[in-house]
Every structure is written in C-alpha cells, then in structure tokens.
Amino acid sequence: MKTNDQTGLNERRSFLKQFATGAAVLGTGILASPLAASAAELSNSSNSDADEWFGKIKGKHRIVFDATQPNGIMPFAWPKIFLVTNRATGTPESDCSVVVVLRHNAIPYAMGNDLWAKYKFGEMFKINDESTKKPLTANPFWQPKPGTFKVPGVGPVEIGINELQASGVMFCVCDMAITVHSAVVAMGSKQDPADVKKEWLAGLLPGIQPMPSGVWAVGRAQEHGCTYCFAG
C-alpha cells in the first residue's frame, strides 16, 4: 500500500508541477493574445478551406497518422510502410488514402529550409543530425537526396515529404501550434507575433494544408473513415 500511495503522490506532484508551469507561462501574457482569437478570426485564417480538404480522401483503405513529436523517421516511415505493404497484398496506392497530421512539436517538418535556418528549428525542437549530433539547420524530409534514408533489411526508402506526396499522401499542420510557437519566438526576439506567424505560414511547404488545430484534423480524418495510428 505504501508503494502505491507513494506512486500516486509522485504522479499528483508531477501533474501539479506541470500545471503550475503552464499557469506561469499563461500569466506572462505570451499565449494570451493568440489564444484569445475569436472563432470568427480562426475561421477567416489560412485554414478556412480545411473542411473541404478532407474531400480528397477517396481510397478504400484509409488511415491518419498523428505526429506530435519529431520522433526520428517515424512520421514518414509509417505512411510508406502502409503503402508498401498494401501494394504487396494487392492494393495499389490509388486505392489508399493516407493523411499525416503534423502537430505540437512536429510542426517544423511542415516548413521550408529558409525558416529552419532563420529560426533554428533544429535547436528549438531538438531535432539533431544523426551523424553529427548537432541541431539540423534544414528540413531533412524535404527533397532529400536519393539513398538518404535506409531501413535495415529493406534498404533505401523514399520517405521525403515530396516523395510521399507523389504517392498521394496528404499532409496538414496545426495552425494553433504555429500560433503559439511563433508567438513565443516573437516575444523572445521582440517581433510582432502576427508578423512571425504570417512568415511561418508563408513558408509552409507546397501542398501542406493548415488546420485549425491538429486534434481537430485528427477528428475530421476519422470522420472521413480514416483509422487512427499514433506516429510519435
């Protein structure tokens, strides 16, 4: 009983510590402005056609990968594995619909190399080069060189965002996470949060659709028949 009680106490302390930290951040006013946006403001943002975007889901076999963290190659390897193994069992790519939701700390993968270099996304989101162990200064999954990614027992795999898009994979990104992270960056660099967010949205990779939030997108994908899969 003492062990269980102690475990519960530690869990409650951990939760309270996290809650207090979050409250302190909110108290600074960092998040007050972006989160105070009205529903009308959100609906008029760059994700105004988000609902229509899901109409592109047509395949018989449908899946949504929920990417909340960089998590190595996983947000991009899993969609490829889904397509490859479906093809191996007689289902062509044209009969598969794959949605990848980049949210929370996975949002930098939705952005181009210029933003990675300028805002040091590798350092900010703890995304390192596996060979040098140093923060990356460019998006590793945008137009990678052939043979960049290899899987033991399989060999080279084409899991660049552009390569997956060519196979019909649909990518979207959380607008709420962009709002919050860009506001934090703006405060630290004494810039206007609206200007930084505008720059980040303008720097999204071709074909990546902003969504009101990542959790909203995960829900909509499931409403359109996609099976849920956590991708890190």
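## From a buried serine to the ring cluster

Ser182 is found in helix H9, which spans residues 175-189; helices (H or I, at least four residues) and strands (E, at least two) are DSSP runs, numbered from the N terminus. This is a predicted model, in which local features need pLDDT of at least 70 and side-chain atom pairs count only at pLDDT 80 or more, while totals for chains, interfaces and linings use all residues. Residues are numbered from 1 along each chain as its sequence is written, and side-chain values use heavy atoms, with hydrogens and water left out.

Ser182 counts as buried because its relative accessibility is 1%, where buried means under 20% relative accessible area, exposed over 50%, and partly exposed in between, with a 1.4 Å probe and protein chains only. Leaving aside neighbours within four places in sequence, Ser182 is in contact with Pro193, Val196, Lys197 and Trp200, contact meaning heavy atoms within 4.5 Å.

The protein as a whole has 11 helices and 7 strands, and 41% of its 232 residues are buried. Of the contacts with a separation of 6 or more, 71% are accounted for by residues 24 or more positions apart. The accessible surface comes to about 12,700 Å², of which 57% belongs to carbon and sulfur atoms; accessible areas come from the Shrake-Rupley method with a 1.4 Å probe, and for residues only the protein chains shown count as cover.

The structure holds 14 aromatic pairs, a pair being two rings of Phe, Tyr or Trp (its six-membered ring) whose centres lie within 6.5 Å, with planes under 30 degrees apart counted as stacked, over 60 as edge-to-face and the rest as tilted. Phe65 and Phe82 form an edge-to-face pair, at 6.5 Å centre to centre and with 75 degrees between the planes. This pair links distant parts of the chain, since Phe65 belongs to strand E1 (residues 61-67) and Phe82 to helix H5 (residues 74-88), 17 residues apart. Phe65 and Phe82 are both buried. The pair of Tyr109 and Trp116 is stacked, because the ring centres are 6.1 Å apart and the planes stand at 25 degrees; Tyr109 and Trp116 are likewise buried. Ring pairs also join Tyr109 and Trp116 with Phe76, Tyr119, Phe121, Phe125, Phe141, Phe149, Phe171 and Trp200 into a cluster, and Trp200 is one of the residues that Ser182 contacts.

On a 1 Å grid over the protein atoms alone, a cavity is a set of points where a 1.4 Å probe fits but cannot get out, a pocket is an open set with protein on both sides within 12 Å along at least five of seven lines, and lining residues have an atom within 4 Å of a point. Grid points are joined across faces, edges and corners, and a volume is the space filled by probe spheres set on the points. The largest pocket holds about 480 Å³ of space, and among its 20 lining residues Asn128, Glu130, Leu136, Pro140 and Phe149 lie nearest its centre. That lining divides into 11 nonpolar, 4 polar and 5 charged residues, with Ala, Val, Leu, Ile, Met, Phe, Trp, Tyr, Cys and Pro counted as nonpolar, Asp, Glu, Lys and Arg as charged, and the others, Gly among them, as polar.

There is 1 cavity of 30 Å³ or more, and the largest cavity contains about 50 Å³ of space. Its lining consists of Pro144, Lys145, Pro146, Gly147, Thr148, Phe149, Val157, Glu158 and Glu163, which by class gives 4 nonpolar, 2 polar and 3 charged residues. Lys150 is found in strand E3 (residues 150-151) and is exposed, with a relative accessible area of 60%. Not counting residues up to four places away in sequence, Lys150 touches Gly155, Pro156 and Val157.

Most residues other than glycine have a negative phi. Asn71, although not a glycine, has a positive phi of about 50 degrees; Asn71 sits in the loop between E1 and H5 and counts as partly exposed at 38% relative accessibility. Lys120, in the loop between helix H6 (113-119) and helix H7 (121-124), has a positive phi near 50 degrees, and with a relative accessibility of 52% Lys120 counts as exposed.
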